[in-house]
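Hi,

Here is the structure I promised to pass on. Have a look at it first, and then read on for my notes.

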Amino acid sequence: MTKLAICPGSFDPVTYGHLDIIRRGAKVFDHVTVAVFNNQSKSPLFDVNERVALLEGVTQDLKNVSVDACDGLLMEYAEQKGAQAIIRGLRAVSDFEYEMQITSMNRKLNEQIETFFVMTNNQYSFLSSSIVKEVAKYQANISDLVPPSVEEGLKKKYNR
């Protein structure tokens with residue numbers, strides 16, 4: 001039986017921190033599906049299709065990783081895909097309380113699917129998509145925060 005994990009997020013945009021979690025998950029699971037969710041409470045810079053395309057480009061070297069767009073509840077999506085696990089990244093202690101709430105609700109919705117927390121590499125512990133967008137908006141160097149294709153996408157979004 002293939003062990004499938006879902007790595008969910010909004011990925012607006014994908015950062016090296018996200019890629020760190022995805023790559024490490026791909027070493028543990030037979031297959032990882034990166035699920036790009038359209039969070040209605042956020043106003044994304046990139047639309048879902050753009051985020052999927054960026055992720056497909058930066059994960060193309062990972063043969064056991066695929067990217068998908070989805071709406072709705074994560075646990076319903078994971079069940080439909082036949083996933084056994086969810087992979088969530090943790091940057092700092094401040095992430096833990098929020099992630100614990102989400103995981104507790106997910107377990108209530110489907111206790112058969114386990115959640116695995118992966119600590120982000122220390123060099124990315126401060127990194128978030130929000131910070132990247134803010135820094136990119138003011139034309140600062142983000143080359144060590146995001147892959148080149150994402151950097152180009154951000155430059156286009158901010159008309160540079």
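Before the rest, some ground rules. This is a predicted model, so local features need pLDDT of at least 70 and side-chain atom pairs count only at pLDDT 80 or more, while totals for chains, interfaces and linings use all residues. Residues are numbered from 1 along each chain as its sequence is written, and side-chain values use heavy atoms, with hydrogens and water left out.

Glu152 and Lys155 meet at 3.9 Å, N to O, and both sit in helix α6, three residues apart, about one turn of the helix. (Helices, H or I with at least four residues, and strands, E with at least two, are DSSP runs numbered from the N terminus.) Glu152 is partly exposed at 41% relative accessible area, and Lys155 is partly exposed at 27%. For those labels, buried means under 20% relative accessible area, exposed over 50%, and partly exposed in between, with a 1.4 Å probe and protein chains only.

The structure has ten salt bridges. One of them joins Asp12 to Lys133, with the closest N and O atoms 2.9 Å apart. That pair links distant parts of the chain, Asp12 being in the loop between β1 and α1 and Lys133 in helix α5, 121 residues apart. Both Asp12 and Lys133 are buried. Another bridge pairs Lys81 with Asp68 at 3.5 Å, N to O. Lys81 belongs to helix α3 (residues 74-81) and Asp68 to strand β3 (residues 65-70), so the pair ties together parts 13 residues apart in sequence. Lys81 is partly exposed at 42%, and so is Asp68 at 24%.

Now the strands. In β1 (residues 4-9), six of six residues are buried: Leu4, Ile6 and Pro8 point one way, and Ala5, Cys7 and Gly9 the other. β1 runs parallel to β2 (residues 31-37), joined by six bridges, with Pro8 partnering Ala35. Two strands count as paired if DSSP finds at least two bridges between them. Two bridges also join β1 to β4, again parallel, and Ala5 stands opposite Ala85 there. Together, β1, helix α1 (residues 16-28) and β2 make a right-handed β-α-β unit; right-handed here means that, with the strands pointing away from the viewer, the path from the first strand over the helix to the second runs clockwise.

β4 (residues 85-90) and β5 (residues 114-119) pair in the parallel sense over six bridges. The chain goes from β4 through α4 to β5 in a right-handed β-α-β crossover.

What about the cysteines? There are zero disulfides, a disulfide being a pair of cysteine sulfur atoms within 2.5 Å. The sulfur of Cys70 is 11 Å from the closest cysteine sulfur, in Cys7, which is too far for a bond. Cys7 is buried at 5% relative accessibility, and Cys70 is buried at 8%.

Last, the surface. Met105, in helix α4 (residues 93-109), is partly exposed at 46%.

Cheers

Key: Salt bridge = Lys/Arg side-chain N within 4 Å of Asp/Glu carboxyl O.
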